[in-house]
Amino acid sequence: MRSEWTFWPMDLSWSAGSSMRLSPTTLLGNSLVFDRTGQTLIAVEPDAISIVELGADGQTTRLPIRDARVVAAFADQLWIATHDDQLARIDHAGRALRAAHSIPFSARAVLQPAPYGPAAAVWLSNPALALIDDLGQLAATELVDVDIAFPLTGRRFITARGSELTLPSGLVTTLPPKTTALSGAVMADGKSVTLLVAHAGAHQLIGVSLGTGQITQRCPTPSSTVRIATRRSFAITQLEPRMLRVLDLHAGRELGVIRFDHDVDDFAIDPSGCRLAVRSDTGAIELHHFGELLRRSVASIQTASVAESVDEKADGQTAVEDSCERRSACAPSEVRETASRAFAPDIVVTDIRTGWKISTEALESATRAGNKGGDLSAQPVPAELCTPVVCPALSALAPRISPIEIDIIEARHQLGRELRTVALWTLGAIAAAWDSRKLGYGNEGKHPCELEVGAILGMNRGLAGGYLIAAHEQIADHEHAIAIDLRWRSLDTPVGAMTHELGLDPLAVDIVLMIAAGTLSGEIARLYGILANDAGRAIVDELLVQQVLAPRYDRHSVAAALDPRGLLMRLGIVHVAPKRARPFARLTVDQVVLDRLRAVEPDLGPATTVRTTDRDLASLGIPRGVLESAVAALARPLSSADHSLSAARVAVHGRVGSGRCTLSCALAARAGRDVAVIDALTLPRTPDLCDGSGLS
């Protein structure tokens, strides 16, 4: 009996000139890389560099560039580090953008590209060199006293020295003792970074929050050859020369193991986790659809339960040998994208989803690939067709019609009309104050503040009657103009859409617009200051709102609308500053509401992420009983007591990575809504978030 031994060297080489220090590596690739968009693949070969465009009309460009060590790909240019320590910058047609720039020698060539901003990268020499394309000129900055560094942008970096990690904000966090960072990559959301570290003779992938510096996830990995899909949070690590392991960094679990019939010399995955490029030991490059590989893996598990004969195994081995012979005949620079019925490597994946259902077509496709020429009709297929999930109206989620798209030009026009309305209301309040001398000269009376006291008590009138009549005429003409406008506060305007979505009454809408006008218009803010006639008062307070809206609403109604128990406060639309008591406390409108009034995309802050999905409920890998019970609970008709609640509270239980977010997003989509995920760790630690008025 003959035994074959395969030695797979661990990547634990030591840096030249350093004492027992691990060499840096890369999580994005050096000689086989995707650009930021994932639509272009760059392959470095001994005598050329191939640029493969992956779109429908994509083409392959082969540039005769020799002696390239590593390459970094950007949307409009390539950076190439050569063996003679030069950095060349070229466009995708091969034209040099500038003269080559000299860079320090590095025993281990690693060029870390920046995921955001202009083209920039960090060359991991000693010391590390930060490079950025500054309006066509290459600017270089040395990063001293760091072991490794990788960029967030061209001028913001994550650096590691020993077990200390310095984040772009300047926050210094400490990794576990005796931990050495080997590489890292900033995830596409810009909120976290994934580090490859060595600890106690083993490797780990750890996630660190850029906002707090806390470690959010750990995934052990047996090898330091790792590639990251920054948008999907997938990691692929090489276990053996012919074996790749797929990890889900969010869930911290293994998705599967992919086996090839040839040695894998290099590989890369695009940022979205859609394509996997593999370079064999012969130099041939294969491009696989990553999702198709995982779907085939589940199909192979389904068909594995069917008894296979020895002849079928021999046929499968013959198919593998034939494919290997065809691949050996390919040119080294050839890049082939696998089709749905082409040869696929042997994939072994653990089925992590309970109640997995696969369509008959996908199962037959996978069976043909594994049993070439076999008779499918003679083999029983343990597959169950995916039937739709009956989903009535989800009453608990308050179903709504999808919002109408708002034209920004019309939105700005309607906003101008609303601001004009508030300005004329303020003019009317100022004219009334002139008429009663609540607003007047300080020396008009015989006693201090004599006329103002009389105005407050309702004893003065008729001192500016002409101005008051003119103001009322201006207001009447404007209100007549907006009354005949059919689009005024309609659903395709920001005010109308917000009113419909939040269920605001006319008083609440007028209060929101009046408070927001002080921020949206400096001229209106100045009118507020004139009416208040007190430099110590806030721009907008409750008393000012009551004065401006006095001809339309009584003060008690305004006070009730601005009560902490009112809708405006409970939804976080209006905020009250705690420094002064009512009615002199400062009032402001939430920034999200201001953005919506301007018809711009609101900034929800670093702690909030809007999650959507286009997945149908039937396609989710969740037991059908769980789906049906969730739909039945959310579709239960609301009782009279339920209608008094402001919103439903839905609790979804399950372990990390079990599909809770996907299920929540799919259910919300059925109700015409999105899901906002709030990371409590990154919320600002301010006192106003702890009281009732600061929560929304």
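## Helix packing and aromatic pairs

In helix α14 (residues 624–634), the buried residues are Arg624, Leu627, Ala630, Val631 and Leu634 (buried means under 20% relative accessible area, exposed over 50%, partly exposed in between, with a 1.4 Å probe and protein chains only). They span an arc of only 130° around the axis, so they sit on the same side of α14 (the arc is taken from the directions from the helix axis to the C-beta atoms). This is a predicted model, where local features need pLDDT of at least 70, side-chain atom pairs count only at pLDDT 80 or more, and totals for chains, interfaces and linings use all residues. Residues are numbered from 1 along each chain as its sequence is written, and side-chain values use heavy atoms, leaving out hydrogens and water.

**Helix packing**

- The buried residues of α14 pack against α16 (660–670), with contact meaning heavy atoms within 4.5 Å.
- Helices (H or I, at least four residues) and strands (E, at least two) are DSSP runs, numbered from the N terminus.
- Helix α4 (residues 408–436) packs with helix α8 (residues 506–520) at about 95°, their axes 10 Å apart (axes are lines fitted to C-alpha atoms, for helices over the stretch in contact, and angles run from 0 to 180 degrees between N-to-C directions).
- That makes α4 and α8 roughly perpendicular to each other (65 to 115 degrees; under 35 is roughly parallel, over 145 roughly antiparallel, the rest oblique).
- On the α4 side, Leu415, Glu418, Leu419, Val422 and Trp425 meet Asp510, Leu513, Met514, Ala517 and Leu520 in α8.
- By class, the contact of α4 with α8 has 8 nonpolar, no polar and 2 charged residues (Ala, Val, Leu, Ile, Met, Phe, Trp, Tyr, Cys and Pro count as nonpolar, Asp, Glu, Lys and Arg as charged, and the others, Gly among them, as polar).

**Aromatic pairs**

- There are 3 aromatic pairs, counting rings of Phe, Tyr and Trp (its six-membered ring) with centres within 6.5 Å; planes under 30 degrees apart are stacked, over 60 edge-to-face and the rest tilted.
- Phenylalanine 234 and phenylalanine 290 have ring centres 5.7 Å apart and planes at 50°, so this pair is tilted.
- Phenylalanine 234 is in strand β22 (residues 234–240) and phenylalanine 290 in helix α1 (residues 290–304), 56 residues apart; both are buried.
- Tryptophan 434 and tyrosine 467 pair edge-to-face, because their planes are at 75°, with centres 5.7 Å apart.
- Tryptophan 434 belongs to α4 and tyrosine 467 to helix α6 (residues 465–483), so the pair ties together parts 33 residues apart in sequence.
- Tryptophan 434 is partly exposed at 33% relative accessibility, while tyrosine 467 is exposed at 58%.
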